[in-house]
Structures are given as C-alpha cells and as structure tokens.
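This report looks at how two protein chains meet in a model. Please view the sequence and the structure before reading on.

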Amino acid sequence: MLSRLGYTLRETWASFRRNMTLTVAAIITSAVSLLIFGLTMLMQRGFDNLLVQWEGDVEMIVYVNAGASDEQRAEITNALSAQTQLVEDYSYCPAECSLAEAHTLLAGDPGTLELLDASNIPTQYKVVPTDATDVDTLRQLRDSLSGLPNVQSIVLADEQLDVIAKLKGFVGLYTLILSITLLFAAILLIWNTIRTAMFARRREIEVMKLVGATDWFIRVPFMLEGLIQGFIGGVIACGGLWLINNRWTAGVSDFPPNSGFAALVVNDGYTGVVMLIIVGIGMVAGAIGSGIAASRFLDV
Amino acid sequence: MIRLENVTKTYGMSVVALRDASFDVPKGEFVFLVGPSGSGKSTLLRLLNRQDRPEEGAVWVAGRNIVDLPPGRVPQLRRNIGNVFQDFKLLSNKTVFENIAFAQEVIGKPKHVIRQQVPAVLDLVGLAGKEARFPHQLSGGEQQRVSIARAFVNRPLILLADEPTGNLDPTTGEGIMRLLDRINKTGTTVLMATHDQRIVNTMRKRVIQLDRGVIVRDQARGVYE
C-alpha cells in the first residue's frame, strides 16, 4: 500500500514537470474561472445585503424619529391599521432591530456606523401592501402618513428596490454564465493536459496493461494530477478573491456617505465559505476532467 | 492450458485474420507459430491476452473461456501471461532494474519481494550486474533478455513471444532461444510466432503453420516448411 502511494506520487510529479506549459495554462484558466465564479457569489451576497431591509414583500418603510413618544407611535399604528383595504400587513422594527439592519447596510461605512446607537437611530414600520403593483395608491398612502408628527421619511420600494433587484438579476446571470463557460474551458484544458500526458506515456501504459495493471491503478496518478491542477487553480482564485474583496471594502469606506454602496461589501465569514466552495469545485472539476481523459486512453 | 475452438476474427468487413482456427496446447508445451506476414500469427497472440476478441468461437486460457471475460477480470488474466515483442517495448527512461520491477510494481508486489526477485530473474537471463544500465546502453540481444526477464518475473503460466528474434542477428537469436527453452523447462507454456526457419528447424518443437488466417499444418517435432 505504501509503495503504491509512493508510486502514485512519483508518477504525478513526473507528469507535472513534463507538461509544464499545458499545466500552467490549465491552472490559469481554472483560476480565472473560479475567481469569476467566486466574485459572482460575493456580488450576489452584496446585493442581498443591500436588499435586507426589503425582505418579505415589504414595499414601504416608514422611518420614525428616535424621539417619538408612545402616543405618536400609536397614531401611526392606528393610521396603518385603518387602511385594511391597502395594507395587508405591517411590522414594527424597534431600535435594536434597526441597529442590526444598519450593521449590514452600512458594513462598508464604519464611520457612519460608529455614530449610530439605540438612542438616535430611527425606528421603522415595514408595510406589506395588498397590491404591490398599485403604485398610485401607495403614493397616496405615503402622502397621508408623512404629515404625522415625528415621521422622519417614507420610502417606497419601487423607487429604490426595483433598480437594485434588476441590477442584481442582470449582474448575477451574466457573471454566472461567464464563469460556467470559463470553468468548462478549464475542464477542457485539464482534459487536454492529461490526454497529452497520457499520449507521451502510451508505451508505458501499454506495458502496464499487458502485465496486468488495473485501469484504476493507471488512472489514479492522472486523476491526482488533474485534482492538483484544480486545487492550485482554486487556491490562486482564493488569493485573487481575497485581494479584490479587500481592495473593494477599503475603497467603499472612502466613498462619500449615502452613496448607496455601503451595503455592497462582504466582510463576514461568507468569504471563507465561498473560498472553500471554489477550491472544492476546482478539485472536483480537475479530477473528473482528467478521469474522463484517462478512461478514453485505457482501451488497449 | 490453451485451447481455441473454431475461432474466426475479421478486421473491418473484408479482412479475415483468422478463420475457423482450432488447436489445443497442453501445459508446459513449446509451440512455434509460423507463416508469412499477415497470416494471422500476431492476431492469434492478441486473442490470447484479450487485446482482441474473436467474432466467433471460444478461446480457453487456463481453464476459462476468455472471449466474454468482463473487463474487470482482464488484468487478472494478463498476470498469468508474459509477453515478449520483436521491438522489446522497454521503457527508455527506466533502468534495467526499474523496467523489470515495473511489472511487479503495477500489480502491487511489495518492495522487499521486488528487491529479491528482480536480481534472481536477471541472473536467470544472464544480465547480473547490469541492473543500473539504461536500455540504450545495451545491445539488442541484451534488451530482449531484459524484456524476457520482465515477462517472466511474475512467473506466468504462459509466455507469448511475437518474433522475439526478428531484430537480432542469428547468434544472438540462438542465445534468446536457449533462454526461452530454459523458461519452458520450468513448466511455462511458450507460444512463439516466428519467421526464422533456422531456429524452427533446430529446435524441433511443435509447429502450427498459418496461411491467410487458416491453420494449414499442426505438426509435433516439426520443421519450418
């Protein structure tokens, strides 16, 4: 068993050196495709952060000043409850809830975040309308509510949300297509590398088959080679992802406040998850690509 | 040990490599396959180690019909068969020792067994002391001895030799034949395809003659023609 492992590793390393150019090409292609795939995931996450306050079909948010009294809030509640025709549901998001949301929305803007605390952050009413497409009625509702005391502002989804949602769908779809195409190219390149490696060693493979080596014995070093190529590609992609994400996060914090980009950063553990995913995809794709290439060569 | 029953093998639509071939080789026998180029000698050897499959008939090797042997069992079959070729098929980037050890490595023999058996077989083929040479540093006869050592190191039941002396001068060829004879005397069944009249006439072993895919002669203690 140990000599077999030694054999496998030796063969893999020898094959690696023999096909340096092709190997490097395969690694770079897989790295770029995995990087784009990783960036797609991070972008999606950024957009999700941006949309966090609109979760659950919320179409209208009423911001209430921090200093509002209980009576003033009751007035807003009554006004919303009265509109049974228009308002299907509404919920109140007190200071702690608003603060938690702000941490996501202003993740890229630590300066502003620092100024906010439970005593000064506006609280929110999140309103789910009966008919979200009836924008005119929603605007009327907004106008009737905005006159109430201590209502800071009222935001409608169709003025903010729709643009972001469309952008998210567009960016997400096309980067995903791009990364899958590139990943496919990477698999083809790895496949071709392995085919070349096997062609260079066809005599050896013929001898192996004739003395009774099993197909798996011959295939495993080649699959390991593809797997390592995918792994290196994945690790390089992780490095690129980390660098880009870091530069972006640093750049966003220098943007002027209220530029709308503050939520478009990912600075939590999600980046690590994405890295694990892309390394995993790289390894699996490499092993499968080379496994297929090897199998086609083994019909001696 | 080997039995062919009405074996027919064609390549494509029209080329008939073997037609209705039948014969029986008991354990330990030495058989020459003779006939002009393209008469079906190599095809016959390829059928025996399942590099090819016939359209019709049965091929029995060591008590098994190997025509419908599942692919997963083919390696096991080949471990019982040694192969020697006209062009040696040695791996040029490996030393003599490594070339022979390779045949044991790929079937998972442990290192200490390899270290013990390779020198023994090198001694048998008369190449003791040349373990560290590379194939290009050896003469043709020596290279063929390495290839025979590789074919024999796993003690196969059967040795298939396809024109093993075809690339060698007569004297060197005789040395190879003495070696194959010695291996045969250990109980290994030997099938050898050859053009070499002198060798066949000197050895006086069983001769199976092929002509355009048909067995035209099967003679004990035969001569070339």
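In which helix of chain A does Glu206(A) lie? Glu206(A) belongs to helix α8, residues 202–210 of chain A. The model is a predicted one. The predictor assigns the complex an ipTM of 0.83 and a pTM of 0.71. For chain B the mean pLDDT is 93, and 100% of its residues reach 70 or more.

**Helix α8 of chain A**

Glu206(A) counts as partly exposed because its relative accessibility is 22%, while buried would require a value under 20%. The buried residues of α8(A) are Glu204(A), Ile205(A), Val207(A), Met208(A), Lys209(A) and Leu210(A). Just after α8(A) comes Gly212(A), with a positive phi of about 100°. Glu206(A) can also be placed relative to Phe297(A): the two are 91 residues apart in sequence, and their C-alpha atoms are 10.0 Å apart in space.

**Where the chains meet**

In the model, 18 residues of chain A are in contact with 22 residues of chain B. Together the two chains bury about 1,700 Å², and 56% of this area is on carbon and sulfur atoms. Between chain A and chain B there are 3 residue pairs in polar contact. On the side of chain A that touches chain B, the elements giving two or more residues are α1 (2–18) and α8 of chain A. The largest share of that side, 7 residues, comes from α8(A). By type, the residues of this side of chain A divide into 8 nonpolar, 3 polar and 7 charged.

**Salt bridges**

How many salt bridges does the rule find across the interface of chain A and chain B? The number across this interface is 2, and the count over all chains comes to 17.

| Residue | Partner | N to O distance |
|---|---|---|
| Glu105(B) | Arg10(A) | 3.9 Å |
| Glu206(A) | Lys89(B) | 3.5 Å |
| Arg53(B) | Asp68(B) | 3.4 Å |

The salt bridge of Glu105(B) and Arg10(A) crosses between chains, from helix α3 of chain B to helix α1 of chain A. Glu105(B) is partly exposed at 23% relative accessibility, and Arg10(A) is partly exposed at 45%.

The side chains of Glu206(A) and Lys89(B) also meet in a salt bridge. This pair crosses from helix α8 of chain A to the loop between β6 and α3 of chain B. Is Lys89(B) buried or exposed? Lys89(B) is buried, because its relative accessible area is 15%, and the limit for buried is under 20%. Glu206(A), Asp87(B) and Lys89(B) are linked in a network of salt bridges.

Arg53(B) and Asp68(B) form a salt bridge within chain B. The pair links distant parts of the chain, with Arg53(B) in the loop between α1 (41–48) and β4 (56–61), and Asp68(B) in the loop between β5 (64–65) and α2 (74–78), 15 residues apart. Arg53(B) is partly exposed at 40% relative accessibility, whereas Asp68(B) is exposed at 60%.

**Positive phi values in chain B**

Phe88(B) is not a glycine, yet its phi is positive, about 70°. Phe88(B) is placed in the loop between β6 (81–85) and α3 (96–105) of chain B, and at 9% relative accessibility it counts as buried. Asn6(B) is another residue other than glycine with a positive phi, near 45°. Asn6(B) is found in strand β1, residues 2–11 of chain B, and is partly exposed, with a relative accessible area of 44%.

Key: Residues numbered from 1 in each chain as written. Chains lettered and ligands numbered in written order. Predicted model: local features only at pLDDT ≥ 70, side-chain atom pairs only at ≥ 80, totals over all residues. Heavy atoms only, no water. pLDDT = per-residue confidence, 0-100. Helix = DSSP H or I, 4+ residues; strand = E, 2+ residues; numbered from the N terminus. Buried < 20%, exposed > 50% of the residue type's maximum accessible area, 1.4 Å probe, protein only. Contact = heavy atoms within 4.5 Å. Buried area = accessible area lost by both parts, 1.4 Å probe. Salt bridge = Lys/Arg side-chain N within 4 Å of Asp/Glu carboxyl O. Polar contact = N/O pair within 3.5 Å; in protein donor to acceptor, adjacent residues only side chain to side chain. Nonpolar A, V, L, I, M, F, W, Y, C, P; charged D, E, K, R; others polar.
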